[in-house]
Amino acid sequence: KKTVEYTGVIKESGYENPHGFVNIEVDKQLWHIVLAPPSRMESRGLPKDKLKVGNTVTIVGYPHREIKNEVRAERITIDGKTTELR
């Protein structure tokens, strides 16, 4: 019910259906972040090349109820640009 916010470095990413993802490292802990479908990300201005390994991102989203370290992102900020994903 409450959102969480994490800022970390992308360690792995995927821009594929049904949902894209990034794995980010925050304080030496790895988080799996579920993003929107690629078509939605593209139409909202988040191309695949922004999800490069090494980029720093800020994620706001909802933690998974059962899977530790997984978050469904509502928005993502990269290079000062925020993209609404839902």
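Reader: Is E74 buried or exposed?

Author: Buried means under 20% relative accessible area, exposed over 50%, and partly exposed in between, with a 1.4 Å probe and protein chains only. E74 has a relative accessible area of 15%, so E74 is buried. The model is predicted: local features need pLDDT of at least 70, side-chain atom pairs count only at pLDDT 80 or more, and totals for chains, interfaces and linings use all residues. Residues are numbered from 1 along each chain as its sequence is written, and side-chain values use heavy atoms, with hydrogens and water left out.

Reader: With which residues is E74 in contact, leaving aside its neighbours within four places in sequence?

Author: Contact means heavy atoms within 4.5 Å. On that basis E74 touches V60, G61, Y62, T83, E84, L85 and R86.

Reader: In which strand does E74 lie, and in which sense do β5 and β6 pair?

Author: Strands are DSSP runs (E, at least two residues), numbered from the N terminus, and two of them pair if DSSP finds at least two bridges between them. E74 belongs to β5. Strand β5 (residues 70–78) pairs with β6 (residues 81–84) in the antiparallel sense over four bridges. T82 in β6 is the bridge partner of T77. Two residues separate the strands of this hairpin, where D79 takes a positive phi near 55°.

Reader: How is a pair of aromatic rings described?

Author: One gives the distance of the centres and the angle of the planes. Rings of Phe, Tyr and Trp (its six-membered ring) pair if their centres lie within 6.5 Å; planes under 30 degrees apart count as stacked, over 60 as edge-to-face and the rest as tilted. The count here is one aromatic pair. The ring centres of Y6 and W31 are 4.4 Å apart and the planes are at 25°, so the pair is stacked. This pair links distant parts of the chain, 25 residues apart: Y6 in β1 (residues 4–14) and W31 in β3 (residues 29–34). Both Y6 and W31 are buried.
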